[in-house]
Amino acid sequence: QAALTITANNQSKTYGQANPALTVSYSGFVNGDTQANLTTPATAATIATSASAVGTYAITPSGAVGANYAISYVNGTLNIIPATRTLTFNPIGPKTYGDPDFSGGAVASSGEAIIYSGYNPAVVTIVNGKIHITGAGTTAITATVAASGNYSNIPSLSQTLVVNKAKQTINFASIPKQNKGAQFDLSTVTTASSGLPVTFVTADAKIATINGQILSALRLGKTIITASQAGDANYLAAPDAQQQVVVDDAAGDEILVHQAVSPNGDGINDFLYIEGIKDYPQNKVTLVNRNGVVVFQSYGYDNSNHTFDGHSNLTGALQQGGTYFYKVEFTANGEQKFKTGYFVLKYQ
């Protein structure tokens with residue numbers, strides 16, 4: 001037998017590709033023989049697959065049969081080189097505070113998990129691989145993949161994410177009727193969908209005042225309470241909500257006439273104040289001095305445009321201090337009613 005050496009040919013490929021065809025070379029044929037003169041030709045194999053990592057792997061020849069040759073084998077080498085990967089990261093549309101977690105949408109050609117970084121944690125964080133909104137604002141987000149010996153590059157792309165403020169509403173339920181002198185906690189009938197605190201203002205502080213969330217019923221009448229929520233870094237201002245509050249008298253009086261008038265410009269009792277009179281616009285107020293002379297008479301007395309401030313609306317004269325008598329006639333629920341009494345006019 002003649003000596004015949006069969007050598008596996010060296011090969012190379014890129015990571016992730018299928019193995020190339022594995023071939024062998026012969027050395028030692030005599031008398032014009034070729035591999036066709038072998039009973040069985042040689043084959044070559046390797047343990048490497050398309051998923052094998054970058055590196056070198058043996059190519060092993062075997063299986064040749066020829067009666068005239070003493071066959072020996074020499075291994076070859078399969079060299080797997082790093083691949084190049086790409087990244088796709090499309091623009092992210094605007095989001096709103098409170099939106100659910102969402103995928104950033106970046107995709108690596110290698111199929112590897114995306115790593116997001118470079119973001120403002122006050123706007124977003126990453127939870128279980130998804131983007132989680134933490135607040136309104138604008139932030140950059142960078143998508144990349146982990147370093148790997150199987151790839152020659154680490155692709156990276158960035159996009160800008162805008163998170164808008166969320167809308168909110170105020171739920172303002174009816175305010176129960178209040179007795180004069182009572183207090184009521186407005187927070188029991190008011191909530192903002194955002195959970196932020198609500199502020200209140202009253203349209204007429206003579207009828208009811210508000211301190212924080214506590215409404216104090218001061219005088220008979222009706223007034224509008226406005227609830228507001230100005231928003232914050234994450235929420236837009238809510239549309240105002242309004243409710244009417246009715247202040248009545250525990251004794252059942254529809255109106256109450258104050259018994260002191262001191263028109264001295266200090267803002268206290270500068271005119272004859274009649275509680276509840278605005279709720280009965282069909283009214284007539286008559287004022288008489290101690291001598292029985294009518295000094296003031298008004299239809300539609302309203303504590304604002306039609307008031308007694310010490311001057312007669314009949315003569316225009318400033319009246320002297322002292323005791324005066326009143327008669328208030330009004331219509332309540334279709335019924336004619338009246339109230340009489342006195343008050344003191346003084347200028348000190």
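Predicted model: local features only at pLDDT ≥ 70, side-chain atom pairs only at ≥ 80, totals over all residues.
**Entry 1: the largest pocket**

I next looked up the volume and recorded about 220 Å³ of space in the largest pocket. Its lining comprises 14 residues. Those nearest the centre are Val 246, Val 247, Asp 248, Asp 279 and Tyr 280. I noted that β24 provides the largest share of this lining, with 3 residues. Sorted by class, the lining holds 7 charged, 4 nonpolar and 3 polar residues.

**Entry 2: the nonpolar cores**

I then turned to the largest nonpolar core, which has 25 residues. The members that touch the most other members are Leu 272, Ile 274, Leu 287, Tyr 301, Phe 308, Val 328 and Phe 343. At least two residues of this core come from each of β28 (283-288), β29 (294-299), β30 (322-332) and β31 (335-345). Of the contributing elements, β30 gives the most, with 5 residues.

I took Phe 308 as one of these members and listed its contacts, setting aside neighbours within four places in sequence. Phe 308 is in contact with Val 261, Phe 271, Leu 272, Leu 287, Phe 296, Tyr 301, Gln 319, Phe 343 and Leu 345.

I also recorded a second, separate core of 17 residues. Ile 6, Ala 48, Ile 59 and Ala 64 are among its members.

**Entry 3: Thr 331**

I located Thr 331 in strand β30. With neighbours within four places in sequence left aside, Thr 331 is in contact with Tyr 280, Gln 282 and Gln 336. The contact with Gln 336 includes a polar one between the two side chains, at 2.3 Å. I noted again that Tyr 280 is one of the residues nearest the centre of the largest pocket.

**Entry 4: Asn 289**

Is Asn 289 buried or exposed? I looked up its relative accessibility and found 15%. The cut-off for buried is under 20%, so Asn 289 counts as buried.

Which backbone atom does the side chain of Asn 289 reach? I found that it reaches the backbone nitrogen of Val 293, at 2.9 Å. Leaving out neighbours within four places in sequence, I listed Val 295, Tyr 324 and Phe 325 as the residues in contact with Asn 289.

Key:
Residues numbered from 1 in each chain as written. Heavy atoms only, no water. 1 Å grid on protein atoms, 1.4 Å probe; cavity = no way out; pocket = protein on both sides within 12 Å on 5 of 7 lines; lining within 4 Å. Points joined across faces, edges and corners; volume = space filled by probe spheres on them. Helix = DSSP H or I, 4+ residues; strand = E, 2+ residues; numbered from the N terminus. Nonpolar A, V, L, I, M, F, W, Y, C, P; charged D, E, K, R; others polar. Core = buried A, V, L, I, M, F, W, Y, C linked by side-chain atoms within 4.5 Å. Buried < 20%, exposed > 50% of the residue type's maximum accessible area, 1.4 Å probe, protein only. Contact = heavy atoms within 4.5 Å. Polar contact = N/O pair within 3.5 Å; in protein donor to acceptor, adjacent residues only side chain to side chain.
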